[in-house]
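Colleague: I have the model open but have not worked with it before. Could you walk me through a few places in it?

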Amino acid sequence: MMTNFFQERDGTLYVEEVALPEIAERFGTPCYVYSRAALTATAKEFHAALNGTVDLICYAVKANGNLAILNLLARLGYGFDIVSGGELARVLAAGGDPAKTVFSGVGKTVAEMEAALDAGILCFNVESTAEMKVLAATAARLGKIAPVSFRVNPDVDAKTHPYISTGLKENKFGVPFDEARTLYRQAAALPSLRVVGINMHIGSQITEIAPYREAAGKMLQLVRALETDGIVLEHIDVGGGLGVRYRDEQPIPLTAFAQMLREVFAGRSERLLMEPGRRMVAEAGALLTRVLYLKPGATRNFAIVDAAMTELMRPVLYQAWHPVWAVTKNAPDGEKCWDIVGSVCESSDFLAQARPLALREGDLLAVGAAGAYGMAMSSNYNARPRVCEVMVDGNEITMIRAREEVKKLWETEQILSK
Ligand code: LLP
């Protein structure tokens with residue numbers, strides 16, 4: 001799969017109007033490359049498909065929190081879903097609107113709650129009784145009223161990888177469906193809380209609409225029950241999780257998703273929110289890397305590249321399959337099956353396995369659909385500085401994050417004086 005924005009021309013891979021070898025030459029490798037046109041097109045596709053159905057789209061910052069990306073989305077009217085004080089600070093630094101920001105996560109600290117109350121966020125997506133109590137006390141102490149939505153765990157199987165499935169009873173996320181009604185009553189009685197919504201998030205990389213329909217139906221059931229308790233909500237947030245195509249998955253069409261929401265919530269007056277992350281950014285980004293060494297062997301052929309699990313952890317963590325594209329095509333006669341591996345000292349350090357490619361040392365490769373949970377999950381393991389990120393817009397290239405300097409890695413460390 002190659003999107004319209006990453007395309008081959010005369011044997012060379014381009015992002016929009018820029019040849020990838022030019023980026024490698026100017027900025028070095030490894031390097032994350034994003035297409036502004038792809039990001040904008042996706043953001044507009046969301047608006048077009050969901051317009052009139054979903055009132056506010058809160059981009060899940062965790063998928064890719066680069067300020068340039070957040071700022072582009074803020075300018076397009078997007079809100080944000082955050083899970084930490086750090087993400088709140090990013091949203092504010094990027095010019096995002098706190099009044100369009102929802103705060104998810106099972107373990108918000110008091111300091112994070114204070115910062116979010118100060119900023120004036122849209123709501124806290126509360127995930128437990130204990131958290132509700134701390135939030136109520138924190139708001140009361142500051143003389144504020146915290147807007148609250150409960151993340152309800154609908155006990156629905158999202159049919160995705162177990163590590164990114166979140167809506168089952170055994171997952172740590174959300175409040176149990178059966179306890180939610182009691183919790184709402186308790187929250188409604190607390191003067192420092194204002195109950196504004198309900199939300200769900202059943203998992204990630206979901207490609208079937210049925211689990212969404214089932215979970216949304218359960219939310220509706222609860223919303224109706226709350227109404228009879230005299231609790232009227234302002235919004236229903238259906239979470240994120242929309243899958244993308246890495247290999248041959250069939251992503252849920254956004255128009256079908258909108259249609260499902262209209263059917264489930266027909267006649268309701270609450271406004272709808274959603275929290276997509278991956279679907280907004282995955283296909284707009286690629287990881288550019290260079291082949292350092294070829295190590296053909298009796299059982300496996302290894303192509304050792306300058307990127308590794310430190311730059312893209314998804315293959316190692318979830319056995320995720322990402323497309324690997326040769327940036328310049330060699331004659332196909334030398335084609336072999338290669339494992340594309342990094343130089344990190346872990347046997348599991350791979351980016352792709354058994355890929356038929358004609359490779360030479362020094363070749364450039366692009367790992368596709370890497371815009372979501374790529375850079376965002378990168379690490380400094382093995383004292384590897386974080387790589388740079390560039391944004392392409394037509395024939396313009398902007399470095400949106402500089403390659404980290406090695407000396408920054410120990411800037412905050414201290415040698416003992418004796
Ligand atoms: N809302 C909440 C409360 C979430 O926890 C998440 C993702 C999202 C929204 C956005 O989900 P998305 O639309 O991106 O599926 N690192 C994993 C994905 C972890 C997702 C965690 N939560 C991966 O690389 O596949």
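**Loops, sheet, helices and rings**

Colleague: Where does A369 lie?
Modeller: A369 is in the loop between β19 (364–367) and β20 (388–393). Helices (H or I, at least four residues) and strands (E, at least two) are DSSP runs, numbered from the N terminus. This is a predicted model, in which local features need pLDDT of at least 70, side-chain atom pairs count only at pLDDT 80 or more, and totals for chains, interfaces and linings use all residues. Residues are numbered from 1 along each chain as its sequence is written, and side-chain values use heavy atoms, with hydrogens and water left out.

Colleague: What is phi of A369?
Modeller: It is near 50 degrees, a positive value in a residue other than glycine.

Colleague: Is A369 buried or exposed?
Modeller: A369 counts as buried, at 2% relative accessibility. Buried means under 20% relative accessible area, exposed over 50%, and partly exposed in between (1.4 Å probe, protein chains only).

Colleague: What about Y373, where does that lie?
Modeller: Y373 lies in the loop between β19 and β20. Y373 is not a glycine, yet has a positive phi of about 55 degrees. With 15% relative accessibility, Y373 counts as buried.

Colleague: Change of topic. What is the order of the open sheet of 3 strands?
Modeller: The order is β1-β2-β3, and the pairing is antiparallel. The edge strands, each pairing on one side only, are β1 (6–9) and β3 (18–19). Two strands pair if DSSP finds at least two bridges between them.

Colleague: How many bridges join β1 to β2?
Modeller: There are 4 bridges between β1 and β2, which run antiparallel. The two form a hairpin with 2 residues between them, and D10 in the turn has a positive phi of about 50 degrees. R9 stands opposite T12 in β2.

Colleague: And over how many bridges do β2 and β3 pair?
Modeller: Strand β2 (residues 12–15) pairs with β3 over 2 bridges, in the antiparallel sense. Y14 stands opposite A19 in β3.

Colleague: What sits over the ring of Y14?
Modeller: The charged end of R9, 4.4 Å from the ring centre. The rule is that NZ of Lys or CZ of Arg is within 6 Å of the ring centre and within 35 degrees of the ring normal. K218 lies over the face of F177 in this way, at 5.3 Å from the ring centre.

Colleague: On to helices. Which residues of α1 are buried?
Modeller: In α1 (residues 20–27), L20, I23, A24 and F27 are buried. Seen down the axis of α1, they fall within an arc of 100 degrees, so they line one face of the helix. The arc is that of the directions from the helix axis to the C-beta atoms. E25 and R26 are exposed, on the face of α1 turned away from its buried side.

Colleague: What comes just after α1?
Modeller: G28, with a positive phi of about 80 degrees. The peptide bond from T29 to P30 is cis, with omega near -5 degrees. P30 is in the loop between α1 and β4 (31–35).

Colleague: Which residues are buried in α4?
Modeller: E87, L88 and V91 are buried in helix α4 (residues 85–93). Down the axis of α4 the buried residues fall within an arc of 105 degrees, so they line one face of the helix.

Colleague: What do the buried residues of α4 pack against?
Modeller: They pack against α3 (67–75), β6 (79–82), β7 (101–103) and α5 (110–119). Contact means heavy atoms within 4.5 Å.

Colleague: How many aromatic pairs are there?
Modeller: The count is 6. Rings of Phe, Tyr and Trp (its six-membered ring) pair if their centres lie within 6.5 Å; planes under 30 degrees apart count as stacked, over 60 as edge-to-face and the rest as tilted. One of the pairs is F103 with F124, stacked at 6.0 Å centre to centre and 25 degrees between the planes. F103 lies in strand β7 and F124 in strand β8 (residues 123–126), so the pair ties together parts that are 21 residues apart in sequence.

Colleague: And how far apart are the ring centres of Y212 and F257?
Modeller: The centres are 4.9 Å apart and the planes at 80 degrees, so the pair is edge-to-face. Y212 is in helix α8 (residues 210–228) and F257 in helix α9 (residues 254–264), 45 residues apart. Both Y212 and F257 are buried.
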